[in-house]
Amino acid sequence: MGVRVLVVEDERSLVRLLRAYLEREGFEVYEAFDGRAGLDLAGEVRPDVVVLDWMLPELDGLEVLRRLRRFSDAYVILLTARVEETDRIVGLSAGADDYLPKPFSPGELVARVRAMLRRPRSGTGPEEEPLRVGELSIDPSRREVRLGGREIALTAIEFDLLAALASRPGLVFSRAQLLERVWGEGYFGDDHVVDVHIANVRKKLGEDAAHPRYIETVRGVGYRMRR
Ligand code: CA
């Protein structure tokens with residue numbers, strides 16, 4: 001099945017350029033020029049990847065992202081002219097998987113999408129047993145997480161991050177190891193994305209940052225799942 005990429009960006013010349021590059025890779029490309037249209041189209045075509053500009057008419061990229069996350073776990077790359085660290089954290093916390101500061105080369109965007117597709121996703125191999133840690137149950141085959149029986153909705157990246165940690169409770173994973181395992185070897189971004197996504201997972205699990213029941217921070221090293 002073809003990979004569907006939705007580009008939501010009001011700068012039409014950039015959309016044309018991205019379309020040309022993405023189609024050359026064999027992706028099915030859909031485009032929208034404002035936030036509302038982008039959200040509607042995402043509901044219709046169920047894209048695998050969304051390239052989402054932050055500054056958009058109608059609904060801005062962050063609002064699109066928040067609403068998109070109610071029904072889609074598509075891989076979202078946020079395009080942003082904002083380079084402040086706090087802005088990047090805001091974007092990733094709202095549910096983006098990756099961000100690309102403008103200006104960027106279309107080749108770089110294509111490389112990121114390809115790296116995403118190479119990601120060693122759990123749940124695509126043979127039937128795997130659910131992982132259990134305390135009240136937490138992670139089912140790689142169905143890509144489902146339950147906490148005390150209640151289903152927790154995670155994005156694809158958040159799921160893979162949690163599954164990676166839970167695969168070896170007690171073992172510390174460095175940020176670099178998690179990036180390689182979850183984002184894939186071709187990932188170009190910085191370690192910071194790991195922290196933001198861990199924070200998102202913790203929030204969804206209702207973790208108390210000072211006394212985490214599941215994901216522990218190992219200062220100066222990385223993270224580990226408690227036994
Ligand atoms: Ca724009």
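Domain bounds, as used here, come from an automatic or database domain assignment. For this predicted model, that assignment gives domain 1 as residues 4–117 and domain 2 as residues 131–225. The C-alpha centres of domain 1 and domain 2 are 24 Å apart. Sixteen residues of domain 1 and 13 residues of domain 2 take part in the contact.

Valine 50 has valine 76 in strand 4 as its bridge partner.

The calcium ion comes next. Its donors are Glu9 (OE), Asp10 (OD), Asp53 (OD) and Met55 (O), at distances of 2.1 to 3.0 Å. Along the chain these donors follow the spacing E-D-x42-D-x1-M. Two of the coordinating residues can be compared by accessibility. Glutamate 9 has a relative accessibility of 0%, so it counts as buried, the limit for that class being under 20%. Aspartate 10 has 35% relative accessibility and therefore counts as partly exposed, a class that sits between buried and exposed, the latter being over 50%.

A second open sheet has four strands in the order 6-7-8-9, with antiparallel pairing. Strand 6 (131–133) and strand 9 (150–152) stand at its edges; each has a single partner strand, so one side of each has no neighbour in the sheet. Neighbouring strands here are turned by 25° against each other on average, direction ignored. Strands of a sheet pair through backbone hydrogen bonds, either parallel or antiparallel. Strand 8, residues 144–147, runs antiparallel to strand 9 and is joined to it by three bridges. Leucine 147 stands opposite arginine 150 of strand 9.

Strand 7 can be followed through one of its residues, leucine 136. This leucine has 0% relative accessibility and so counts as buried. Residues up to four places away in sequence aside, leucine 136 touches Leu131, Val145, Arg146, Leu147, Leu162, Leu205, Tyr214 and Met225. Leucine 136 and glycine 149 are 13 residues apart in sequence, and their C-alpha atoms are 8.3 Å apart in space.

Helix 6 lies across strand 6, strand 7 (136–139) and strand 8, and runs at about 110° to strand 7. This helix covers residues 156–167 and includes glutamate 158. Is glutamate 158 buried or exposed? With a relative accessible area of 2%, glutamate 158 is buried, because buried means under 20%. A polar atom of the glutamate 158 side chain lies 3.0 Å from the backbone nitrogen of threonine 155. Apart from neighbours within four places in sequence, glutamate 158 is in contact with His197, Asn200, Val201 and Lys204.

Strand 10 (residues 172–174) and strand 12 (residues 222–225) run antiparallel and are joined by three bridges. The bridge partner of serine 174 in strand 12 is glycine 222. Strand 12 also pairs with strand 11 (residues 215–218), in the antiparallel sense and over four bridges. Here threonine 217 has tyrosine 223 in strand 12 as its bridge partner. Strand 11 and strand 12 form a hairpin with three residues between them, and glycine 220 in the turn has a positive phi of about 75°. Strand 12 ends at residue 225, and Met225 is one of the residues touched by leucine 136.

Key
Residues numbered from 1 in each chain as written. Predicted model: local features only at pLDDT ≥ 70, side-chain atom pairs only at ≥ 80, totals over all residues. Heavy atoms only, no water. Helix = DSSP H or I, 4+ residues; strand = E, 2+ residues; numbered from the N terminus. Buried < 20%, exposed > 50% of the residue type's maximum accessible area, 1.4 Å probe, protein only. Polar contact = N/O pair within 3.5 Å; in protein donor to acceptor, adjacent residues only side chain to side chain. Contact = heavy atoms within 4.5 Å. Donors = N, O, S within 2.8 Å, 3.2 Å for Na, K, Ca; no water. Pairing = 2+ DSSP bridges. Axes fitted to C-alpha atoms, helices over the stretch in contact; angles between N-to-C directions.
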